[in-house]
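Here is a short note to read alongside the model. Keep the structure open as you go through the points.

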Amino acid sequence: MLTLNYFNELKDKTIEGLRKRNWDIDRLAWIDTVEKLDEERKYIQTELDNVKAEVNSISREIGNLIKSGSQAEAGLLKNRVTSHKAKITELEDQSRINKEILQELLYKIPNIPHHSVPAGKSAEDNEVYKSWEKPLPELHASALPHWELAEKYNLFDLKLGVKITGAGFPLYRGKGAKLQRALIQFFLDEASAAGYEEIIPPLLVNEETATATGQLPDKEGQMYYCEKDNLYLIPTAEVPITNILRDEILDERDLPVKYCGYTPCFRREAGSYGADVKGLNRVHQFDKVEIVRVEHPDRSYDALQEMLHHVSGLLEKLELPYRILKLCGGDMGFTSALTYDFEIFSAAQKKWLEVSSVSNFETFQANRLKLRFKSGGKTQLVHTLNGSALALARIVAGLLENHQTENGILIPKALIPYTGFSVID
RNA sequence: GGUGGGGUGGAUGAGUGGCUGAAAUCAACGGUUUGCUAAACCGUCGUACGGGCUUAAACCUGUACCGAGGGUUCGAAUCCCUCCCUCACCGCCA
């Protein structure tokens, strides 16, 4: 959620940014509405404060009169308060309505894209930020997509997942399960080495938490929900981990804060279907190691670069061909100001698969989180960032496909200490 | 699931109707002192949203906030109602 100050001070930038998100004239008019409502809010508050101030002062006077025994005079003053009370009720009603409308509107306005974000409508308009320079790998003639490799080597089983739970809940087994565990361990070790504190958060979160990171009120359809306890299964570790610092005022010296954490992620993926859902490409439960940073606003874009570097390093160690995209305004998430996606090339499927998304949210999340820092007596919002480092299911798909040979699937050197085996055959 | 106790500022903790936005202590911050460290002493030390002044900050000022929401009252941290959270013990289970 953007702050009201943001609109006041940066109206032109706001409108320009929303255009990049392909907002039409009708929706851009919301910004004027926000401005109008904000003026109204200030006016109502000034009025309300004045009336209340008077009531407070009369009440003090009554107290003094009663103490000095002037009951009659006190009675007269009491009558005077009565007329004010009607006014207070009226203004409070106005204020409540005003705030509700304003809040609802603010929830619908996405983050303003960073100035470098390219315009565009869909994934096709994303900019290739860093391309894969070497030739793309070519596999032997009998190379298989990962779902067939899984069957051949008994690595994971989607049918069993269906039996136990339903579609999109893979069951990993044997070397497939070990590979999964090895990757998690590898990613966590790499993140720790890069200075991220390791967190194991709760996997279910309450409403407040889900609201602060922006999943609610809009995207409840994408989360699994336990009605009885009013709790949501996390769609990413970002949700619980970013909320660690909700409602905190940090000292400038505490920055940056760097967290990492492994969690399973649960996504309903309501409405998705088709070729993309084959195998591990899109599932309801997958594992992911997430990195989260809380940064000084002056440093957040440097931090973003560091995160790109970190994720690149992981993919290089896994010997996977990858590229980095800078998402266009139309493809970027609601809460993000700048997002880079990492894609690995699946040689068997002959397409690029998204494996990581690294974003700077600037103050958008911090505002909802009420996460601020103090600098020279001044309190201001921090910038928050996060990124997948990395999402497992698709990495597994890519590893299996790209490293397959006629004699089995080769485990990248960096991973062998974690798997304990060097080949799946 | 049952029974009981609690939710006050960064922490501990006082406060049962007006002088309490909140004692005291600790922590933190600034300073003085000091071979060094420590100690001592002095000072500062909540947040949000308005208004005034200002280029801005500083500053002055108003309102709200003692888990959340409502009520009683001229006046509520304090009294009443509803809800939420939490802790302890018992039962059950890992």
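Predicted model: local features only at pLDDT ≥ 70, side-chain atom pairs only at ≥ 80, totals over all residues.

1. Chain A has 425 residues, and 36% of them count as buried. Its C-alpha atoms fill a box of roughly 100 × 45 × 40 Å along the principal axes.

2. Chain A holds 13 helices and 19 strands. Look at its contacts with a separation of 6 or more: 73% of them join residues 24 or more positions apart.

3. Now find α10, which runs over residues 300–317. This helix has 18 residues. From first C-alpha to last, α10 reaches 26 Å, close to the 26 Å expected at 1.5 Å a residue.

4. Which residues of α10 are buried? They are Ser-300, Leu-304, Met-307, His-310, Val-311, Leu-314 and Leu-315. Seen down the axis of α10, these buried residues fall within an arc of 135 degrees, so they line one face of the helix.

5. Turn to the other side of α10. Here Asp-302, Gln-305 and His-309 are exposed.

6. What covers the buried residues of α10? The cover includes a helix, α7 (174–193). It also includes the strands β10 (285–295), β11 (322–326), β12 (338–346), β13 (351–362) and β16 (383–391).

7. Last, check what follows α10. Glu-319 comes after the helix, and its phi is positive, near 60 degrees.

Methods
Residues numbered from 1 in each chain as written. Chains lettered and ligands numbered in written order. Helix = DSSP H or I, 4+ residues; strand = E, 2+ residues; numbered from the N terminus. Expected span 1.5 Å × (residues − 1). Buried ≥ 20, exposed ≤ 12 C-beta atoms within 10 Å, placed from the backbone. Arc of directions from axis to C-beta. Contact = placed C-beta atoms within 7 Å.
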